[in-house]
Amino acid sequence: MTDAPNIDPIADPQAEIARLRAEVAVLTARAEAAEAAAEHDVLTPVLNRRGFVAAMTRTMAYCTRYKVPAVLLYLDLDGFKAVNDSLGHAAGDAALVRVAELLVENVRATDAVGRLGGDEFAVLLLNADMDAGKEKAAGLKAALEGAEFSWDGSAAPLGGSFGVRAFAGQADVETWLAEADAAMWVRKRRR
């Protein structure tokens, strides 16, 4: 907090009120920044797991109440370990940022994108059914594979396997995530 001049609150109550309002505004801004940081990934421009789970929880409640479809896409990057091993961890971090940017650029502003950990991402599409989810996953896969990524002059391919699972009244967020993750592993094993 800033050092405020000593004000006699009895002699100048308006000045004291103004000082207190300014202090409250500073504290409110700090609290809002801390809250936003708690739900956003520290590396990429997307939600972290906590923030994404919160978005899923809200979406599940909305879908249940209003009978609206939603679909979850679960992405695991293919060959990501090779990027870290051959180009270094700074390159791996840059690749994760690029993947997150591509996901955000290729979904609607109302969709949620999150990094669940490591090289795993998820996309939550509201007002989308299974067919729309599969189409979006195919489009995102093409966008990743078509993206150019290089580090210090060395090119590295971006790509991944997507699992797609529609909301079907799953009991909780972890069940829905596990179903989408399992669908992703089925696809990954086919490669």
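Before we start clicking: contact here means heavy atoms within 4.5 Å. Helices (H or I, at least four residues) and strands (E, at least two) are DSSP runs, numbered from the N terminus. This is a predicted model, where local features need pLDDT of at least 70 and side-chain atom pairs count only at pLDDT 80 or more, while totals for chains, interfaces and linings use all residues. Residues are numbered from 1 along each chain as its sequence is written, and side-chain values use heavy atoms, with hydrogens and water left out.

**Stop 1: the sheet.** Find the open sheet of 4 strands, in the order S2-S3-S1-S6, with antiparallel pairing; two strands pair if DSSP finds at least two bridges between them. Its edge strands, each pairing on one side only, are S2 (112–117) and S6 (160–166). From one strand to the next, the twist averages 20 degrees.

Now select residues 70–77 (strand S1) and 120–126 (strand S3): they pair in the antiparallel sense over 7 bridges. Pick Ala70 and you'll see Leu126 of S3 opposite.

**Stop 2: a helix over the sheet.** Select 130–146, which is helix H5; it lies across S1, S3 and S6 and runs at about 165 degrees to S6. For angles like this one, axes are lines fitted to C-alpha atoms, for helices over the stretch in contact, and angles run from 0 to 180 degrees between N-to-C directions.

**Stop 3: H2 and H6.** Show 49–66 (helix H2) with 173–190 (helix H6): their axes are 10 Å apart, at an angle of about 105 degrees. That makes the two helices roughly perpendicular (under 35 degrees counts as roughly parallel, over 145 as roughly antiparallel, 65 to 115 as roughly perpendicular, the rest as oblique).

**Stop 4: H3 and H4.** Next, select helix H3 (residues 80–87) along with H4: they pack at about 140 degrees, axes 6 Å apart. This pair is therefore oblique. Where do they meet? Phe80, Val83, Asn84 and Leu87 in H3 meet His89, Ala91, Gly92, Ala95 and Leu96 in H4.

Stay on H4 (residues 89–105) and colour its buried residues, among them Val97, Val99, Ala100, Leu102 and Leu103; buried means under 20% relative accessible area, exposed over 50%, partly exposed in between (1.4 Å probe, protein chains only).
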